[in-house]
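Good morning, and thank you for coming. Please keep the sequence and the structure in view.

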Amino acid sequence: MKELHKEKAMPKATARRLPLYLRYLKMLGDSGVTRIKSKEFSDVIQVPPATIRRDFSHLGELGRSGYGYDVPYLIEVFSHILNTKEEKRIALIGCGNLGKALVKNNFRRNENLNIVCAFDTEEELVGLSVDDIMIQPMEKLAEEVKRTGVTVAISTVPSQFAQEAIDKIVDAGITAILNFAPDRVTVPHNVNVQYIDLTTELQTLIYFDETFSKAKP
């Protein structure tokens with residue numbers, strides 16, 4: 001891989017967009033797209049082409065004028081940048097069906113991501129174990145974060161209860177949160193929240209299938 005620019009700190013706004021870029025690039029790659037221009041990528045991802053070019057420029061010469069960007073190479077670059085090289089200990093908040101499935105899977109494809117504790121407010125769930133991780137009451141969250149060294153939280157709490165759950169996560173000292181409730185929540189400036197909206201993801205998948213499918217007549 002070509003040497004990436006490291007002498008300047010990447011702007012925070014750019015860093016926040018990198019996972020989004022990577023997700024869409026992988027979908028493009030899976031759809032058989034090998035080259036794309038910033039304007040075409042902008043149409044897909046709904047980020048202005050000038051912003052895309054500026055973000056990419058922080059990482060070096062990733063494309064060529066008139067040619068665009070090589071999709072497999074961009075996937076390699078962004079995967080390299082976003083790959084965590086040290087263990088990140090994770091707390092799972094909300095142990096319904098989705099939460100239990102996440103605990104059972106526990107990022108088997110990346111040994112540096114590790115769900116180490118789980119929490120819920122439902123009394124009938126508290127005390128149960130999922131793959132040797134016991135579900136604890138939310139009142140224990142701050143204590144367990146300190147004890148286990150958790151730095152990341154995943155919340156699968158429904159939208160109507162998401163803000164309350166996120167407030168408790170923030171109060172426990174966690175500043176990186178993956179939220180499966182699509183509605184935006186209010187957090188301090190030092191807290192980073194990434195949203196997963198399954199409806200939007202499905203709509204995006206359908207768009208890619210209809211727009212880039214190689215099976216089109």
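What percentage of the 217 residues of the protein count as buried? The figure is 40%, where buried means under 20% relative accessible area, exposed means over 50%, and partly exposed lies in between, with a 1.4 Å probe and protein chains only.

Before I continue, a word on the basis of these values. This is a predicted model, in which local features need pLDDT of at least 70 and side-chain atom pairs count only at pLDDT 80 or more, while totals for chains, interfaces and linings use all residues. Residues are numbered from 1 along each chain as its sequence is written, and side-chain values use heavy atoms, with hydrogens and water left out.

Let us begin with the whole protein. The C-alpha trace spans about 60 × 45 × 30 Å along its principal axes. There are eight helices and 10 strands; these are DSSP runs, helices being H or I with at least four residues and strands E with at least two, numbered from the N terminus. Of the contacts with a separation of 6 or more, 59% come from residues 24 or more positions apart, a contact being heavy atoms within 4.5 Å.

I turn now to a pair of helices. Two packed helices are described by the angle between their axes and the distance between the axes. Here the axes of helix H1, residues 12–30, and helix H2, residues 38–45, come within 11 Å and cross at roughly 100 degrees. The axes are lines fitted to C-alpha atoms, for helices over the stretch in contact, and angles run from 0 to 180 degrees between N-to-C directions. H1 and H2 are therefore roughly perpendicular to each other; that term covers 65 to 115 degrees, while under 35 is roughly parallel, over 145 roughly antiparallel and the rest oblique.

Which residues make this contact? H1 contributes Leu20, Tyr21, Tyr24, Leu25 and Leu28, and H2 contributes Phe41, Val44 and Ile45. By class, the contact of H1 with H2 has eight nonpolar residues, no polar and no charged ones. In this scheme Ala, Val, Leu, Ile, Met, Phe, Trp, Tyr, Cys and Pro count as nonpolar, Asp, Glu, Lys and Arg as charged, and the others, Gly among them, as polar.

The UniProt record, an unreviewed entry, places a "DNA-binding region" at residues 20–59. UniProt positions are given in the numbering used here, feature names are shortened, and annotations may be inferred rather than shown by experiment. Over residues 20–59 the chain is 70% helix and 5% strand, and the end C-alpha atoms are 16 Å apart.

The unreviewed UniProt entry also lists a "binding site" at Gly94, Cys95, Gly96, Asn97, Leu98 and Gly99. Among the residues lining the second largest pocket are Gly94, Cys95, Gly96, Asn97, Leu98 and Gly99. A pocket, on a 1 Å grid over the protein atoms alone, is an open set of points where a 1.4 Å probe fits, with protein on both sides within 12 Å along at least five of seven lines, and lining residues have an atom within 4 Å of a point. Gly96 lies in the loop between strand S4 (88–93) and helix H5 (97–105), whereas Asn97 lies in H5. Because its relative accessibility is 35%, Gly96 counts as partly exposed; Asn97, at 70%, counts as exposed.

Next, please look at the loop between S6 and strand S7 (133–137), where Asp131 lies; Asp132 lies in the loop between S6 and S7 as well. Most residues other than glycine have a negative phi. Asp131, however, has a positive phi of about 50 degrees, and the phi of Asp132 is near 70 degrees. Is Asp132 buried or exposed? Asp132 counts as exposed because its relative accessibility is 80%, while Asp131, at 47%, counts as partly exposed.

Finally, consider Lys168, in helix H7 (residues 159–171). Lys168 is partly exposed, with a relative accessible area of 32%. Leaving aside residues up to four places away in sequence, Lys168 touches Met138 and Leu141. Lys168 and Met138 are 30 residues apart in sequence, and their C-alpha atoms are 8.0 Å apart in space.
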